[in-house]
Amino acid sequence: MKERLEGLGAKKEEPESRISSGKPAQPPKVSRAFIELWLDRFRRLDLSKQSHRKRRIDTFANAIYLFDDKMLIVFN
């Protein structure tokens, strides 16, 4: 039982060390064609519709700050 518990402890430490190092187990694989299609969807949005404008802003902008003399946009 003790050996089993020690073995499980070692298994637990490996994912925790990967999490703390900030490295994913496998990087996500995204093809160029997928990215082009995904971006093309936004190019085809009808900007006269408020829902389409909102979708574009929600996707690409994290925050928008308005000041008296300037505007600061924080992108995702």
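Guide: With the patch rule: patches are made of residues with over 30% relative accessible area and no salt bridge, where like charges are joined within 9 Å and nonpolar side chains (Val, Leu, Ile, Met, Phe, Trp, Tyr) within 5 Å. A salt bridge is a side-chain nitrogen of Lys or Arg within 4 Å of a carboxyl oxygen of Asp or Glu. This is a predicted model: local features need pLDDT of at least 70, side-chain atom pairs count only at pLDDT 80 or more, and totals for chains, interfaces and linings use all residues. Residues are numbered from 1 along each chain as its sequence is written, and side-chain values use heavy atoms, with hydrogens and water left out.

Visitor: What makes the nonpolar surface patch here?

Guide: Ile57, Ile64, Leu66, Met71, Ile73 and Phe75 make it, over about 630 Å². Two elements give two or more residues each, β1 (61-66) and β2 (71-75). The largest share, 3 residues, comes from β2.

Visitor: Why does Ile57 count as partly exposed?

Guide: Buried means under 20% relative accessible area and exposed over 50%, with partly exposed in between (1.4 Å probe, protein chains only). Ile57 is at 45%, so it counts as partly exposed. Ile57 lies in helix α3, residues 50-60.

Visitor: How many helices and strands are there in the protein?

Guide: There are 3 helices and 2 strands, in the order α-α-α-β-β from the N terminus. Helices (H or I, at least four residues) and strands (E, at least two) are DSSP runs, numbered from the N terminus.

Note on methods:
Accessible areas come from the Shrake-Rupley method with a 1.4 Å probe; for residues, only the protein chains shown count as cover.
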